[in-house]
Every structure is written in C-alpha cells, then in structure tokens.
Amino acid sequence: MSKRYYSRGKLLLTAEYLVVDGANAFALPCKFGQDLVVEDVAESESLEISWKSIKNEGEVWFDGRFVSREFPSRTGGVRTVIEPYSSTDDEVALNLSMLLFKAFQLVDTVPKRKFEITTTLEFPQDWGLGSSSTLIVNIATWLGINPYELFFSWTKGSGYDLACASAESPILYHKNGIDPIIANVDWNPSFRDDIFFLHLGTKQKSEREVKKYGQLVFDREAAILQVNELTKRFVQAEALEEFEKVIEAHEGLISNILKRNPVKEHLFADYKGSVKSLGAWGGDFVMVTKRPGFEAYFASKGFATLLSFKEMIYGS
C-alpha cells in the first residue's frame, strides 16, 4: 500500500530575518512543491527505509538505505537510532538519518517494517523554494506528528515555510513556537500583473544566514514594530506606486540592520522599477516590478529565469 504526501514551496515577501524574532511576515505559497510517496512493503526485524530523491527533470540525485538499531538507554529502557546503511551521498544520508531520528522520536513507537520512500521535486534544487521545509512537512504528515515540533527540533528558523506548505492563499505569519499564529489573506492587488520573480542563480543556506543575523546588535523591538507596519502597508497597498514605496522602505530597513547594500544597489542600480530580496539576502529569487523592456534588461545582465505572479504563486 502506498500513500502520497504533498507540500507547496514558499516565498517570503516581508519581514525577512525579523520573522525569526516574532515580526509579522507576509508569505506566499507557490505552485511548485515536493511530494513524498511511502510504500509500506512488509514486516521486518527493524525499521528499514529505502530512500530515493528525484529532481524535477526526473534524475535521481540521492539514493540511500536506512535502518534502525536499538541500544540500552541510561534510564534502563531502549534507545532507537536510525543510521545510514548505504547511500550515494554520505552528507545527505547523515542529515536525512538525523531528521528521521528526530521525527521518530516524536512517535510513540518505531515500526518494525520495510518502507520504500520516493521524493520528487517540482522545481530546480537551486530555486530555494523550500526543498527542506516541504520534506519536513511531508514526513510529519506521514507520521502524524506536529511539523513545527519536528522543525524546531531540527533548526532555528521561523517556520513560516511550513505554514506555506499547506496554505491555500497568501498568509500572515507570526512565530509562536510549535503553535504559530497564521492568518489567511485575500491578496489580489490590481497590479499583480506587474509583479515578477527573478532568479539570481545563487542559493543561500537559510540556517547559516539566520545564525549570522542572530549575532547582530541592534534595537530588535523597534525594528519589529517598523517591519510590522511595513508588512501592513505592503498588504494594503492599492496602487503600484504605493507598493513600490513600501518595498524601498522595507529594503532600507533590512539594509540598515544587516549593514549590506540592497540587491538593487548591488546588481540593478539603473533599473527603474523596484527590486526586493525575498528571504535570505543574496540568493534565490527576488521580486521585481515591471517596466518597459524589463525582460531584455535582466537578460542583458545575465538573468534569464523570470516568472510572472501567475506562473509562480499558488491560487493565482
């Protein structure tokens, strides 16, 4: 018997970095996601998992096998660990075995069964739309555990990407441990056809960026109040000009915190429209507002992957 689990990718439009400290963030679920298919094969003497991960083009990028082992615990019980038995990539296998171990820690019992698991991405790995977050949500759904509990045992992020994984619409997200505050938003601006998403061709490691951000010294409470107001204005903007003003103010705020130039100053200083970083600065996608000849402009700079709002955003 096989079961399929599916989660959507994400884009963080406001409150990048500050969302970790509890700022209100506006995020969008994407049309591209990742599925996880679990085949329950048979009973076994231990937990055995054959794992295969497939790229969006159909190529297998990871193949591995995992097994559980039991050890006496200090309290007199039994401690179950999950170890890689074989793999095509030792680093991926180690990270995945740790994630599976933490997931099964949240389950009452570790089943002594053989499973064949296949994951398939719908987007290129370097797009940064949430290959890790969609995997965490899919594993949590399979095992019937709280995805946020698994997430926060694994990383120090905000969890907004988990909320997008099952969202049916844009969301406002407020970090609140394993019980975040999530509000659906009916966001359908008149200028949506002027919004595009440009891939920069570089991928940032979110956990590393969050760690660096956590070491910064600044007035976090004041910054959260400012970004909360900008998020509110961002969602409520009724005209493109007003929307672009919010973008410029938001980029300026985060620039002052990070002590880094906004992506527009760095790469597109002569562009007439707005350019906004999404998530960790310096990688993945940015949001741009349309101007005449914008496609040729970005192509001349060496950036060819440009998706419209309708192409990228779920429910649009």
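# Guided tour: cysteines, loops and helix pairs

The count of disulfides in this predicted model comes to 0, a disulfide being a pair of cysteine sulfur atoms within 2.5 Å. Residues are numbered from 1 along each chain as its sequence is written. In this predicted model, local features need pLDDT of at least 70 and side-chain atom pairs count only at pLDDT 80 or more, while totals for chains, interfaces and linings use all residues; side-chain values use heavy atoms, with hydrogens and water left out.

## Stop 1

Select Cys30 and Cys164. Cys30 is in no disulfide, and the nearest cysteine sulfur, that of Cys164, is 7.4 Å away. For Cys164, the closest cysteine sulfur is the one in Cys30, and the separation of 7.4 Å is too far for a bond. In general terms, a disulfide is a covalent bond between the sulfur atoms of two cysteines. Cys30 is buried, with a relative accessible area of 0%; buried means under 20% relative accessible area, exposed over 50%, and partly exposed in between (1.4 Å probe, protein chains only). Cys164 is likewise buried, at a relative accessible area of 0%.

## Stop 2

Helices (H or I, at least four residues) and strands (E, at least two) are DSSP runs, numbered from the N terminus. Most residues other than glycine have a negative phi. With 0% relative accessibility, Ala15 counts as buried.

Then select Gly279, which lies in the loop between strand S10 (275-277) and strand S11 (285-289). Leaving aside residues up to four places away in sequence, Gly279 touches Leu12, Glu16 and Tyr17, where contact means heavy atoms within 4.5 Å. Gly279 counts as buried at 13% relative accessibility.

## Stop 3: helices H1 and H2

Display helix H1 (residues 90-105) with helix H2 (residues 131-143); their axes come within 11 Å and cross at roughly 35°. Axes are lines fitted to C-alpha atoms, for helices over the stretch in contact, and angles run from 0 to 180 degrees between N-to-C directions. The crossing of H1 and H2 is right-handed: a crossing is left-handed if the near helix is turned anticlockwise from the far one by less than a right angle, and right-handed if clockwise.

Show the side chains of Leu96, Leu99, Leu100, Ala103 and Phe104 in H1, which meet Leu135, Ile136, Ile139, Trp142 and Leu143 in H2. By class, this contact has 10 nonpolar, no polar and no charged residues. Ala, Val, Leu, Ile, Met, Phe, Trp, Tyr, Cys and Pro count as nonpolar, Asp, Glu, Lys and Arg as charged, and the others, Gly among them, as polar.

## Stop 4: helices H6 and H7

Continue to helix H6 (residues 220-236) and helix H7 (residues 240-258), whose axes come within 9 Å and cross at roughly 160°. H6 is therefore roughly antiparallel to H7, a label given to angles over 145 degrees. The crossing is left-handed. Residues making the contact include Leu230 and Phe234 of H6 and Phe243 and Leu253 of H7. The contact of H6 with H7 divides into 10 nonpolar, 2 polar and 1 charged residues.

Finish at Lys259, in the loop between H7 and helix H8 (263-267). Although not a glycine, Lys259 has a positive phi of about 60°. Is Lys259 buried or exposed? At 69% relative accessibility, Lys259 counts as exposed.

Definitions and conventions. Parallel < 35°, antiparallel > 145°, perpendicular 65-115°, else oblique.
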